[in-house]
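This briefing is meant to be read alongside the sequence and the model.

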Amino acid sequence: MACGAIGPPSPACALWTGLETLGVRDRDVLLAADAGGESYGSIGARLGLRRATVRMVVFRARRRLFAKMETSLFAPGSDTAKAKLR
């Protein structure tokens, strides 16, 4: 069964859908930093990016992912959405 096929999407489905909307580089950098626990310096060395660039990519990817999850799970901009995802 596909995410959200029946009823509202679960947080896991919202996360998966949000990750799919990110670009390949953004998704790879975000997952390496957050799920893999890799340092920004290590990610940068592996991908040929400066540490500051990796920090920026992670920040922006998190922001886009949060926005996508918020719109998937809740009414856009609701206080409930922000409180439940933090």
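How exposed is G41, and what is its relative accessible area? G41 is partly exposed, with a relative accessible area of 37%, where buried means under 20% relative accessible area, exposed means over 50% and partly exposed lies in between, computed with a 1.4 Å probe on protein chains only. The model is predicted, so local features need a pLDDT of at least 70 and side-chain atom pairs count only at pLDDT 80 or more, whereas totals for chains, interfaces and linings use all residues. Residues are numbered from 1 along each chain as its sequence is written, and side-chain values use heavy atoms, with hydrogens and water left out.

**Setting of G41**

- G41 belongs to helix α3, which covers residues 40-47; helices (H or I, at least four residues) and strands (E, at least two) are DSSP runs numbered from the N terminus.
- Although G41 and R51 are ten residues apart along the chain, their C-alpha atoms are separated by 5.1 Å.

**The network of R25, D26 and R64**

- The structure holds four salt bridges, a salt bridge being a side-chain nitrogen of Lys or Arg within 4 Å of a carboxyl oxygen of Asp or Glu.
- Salt bridges link R25, D26 and R64 in a network.
- Within this group, R25 pairs with D26 in a salt bridge whose closest N and O atoms are 3.8 Å apart.
- D26 also forms a salt bridge with R64, at 2.2 Å from N to O, and this pair links distant parts of the chain, since D26 lies in helix α2 (residues 24-35) and R64 in helix α4 (residues 51-73), 38 residues apart.
- As for accessibility, D26 is buried at a relative accessible area of 15%, while R25 is partly exposed at 43% and R64 is partly exposed at 37%.

**The pair D34 and R62**

- The side chains of D34 and R62 are joined by a salt bridge, with 2.5 Å from N to O.
- This pair, too, links distant parts of the chain, with D34 in helix α2 and R62 in helix α4, 28 residues apart.
- Both partners count as partly exposed, D34 with a relative accessibility of 42% and R62 with one of 37%.
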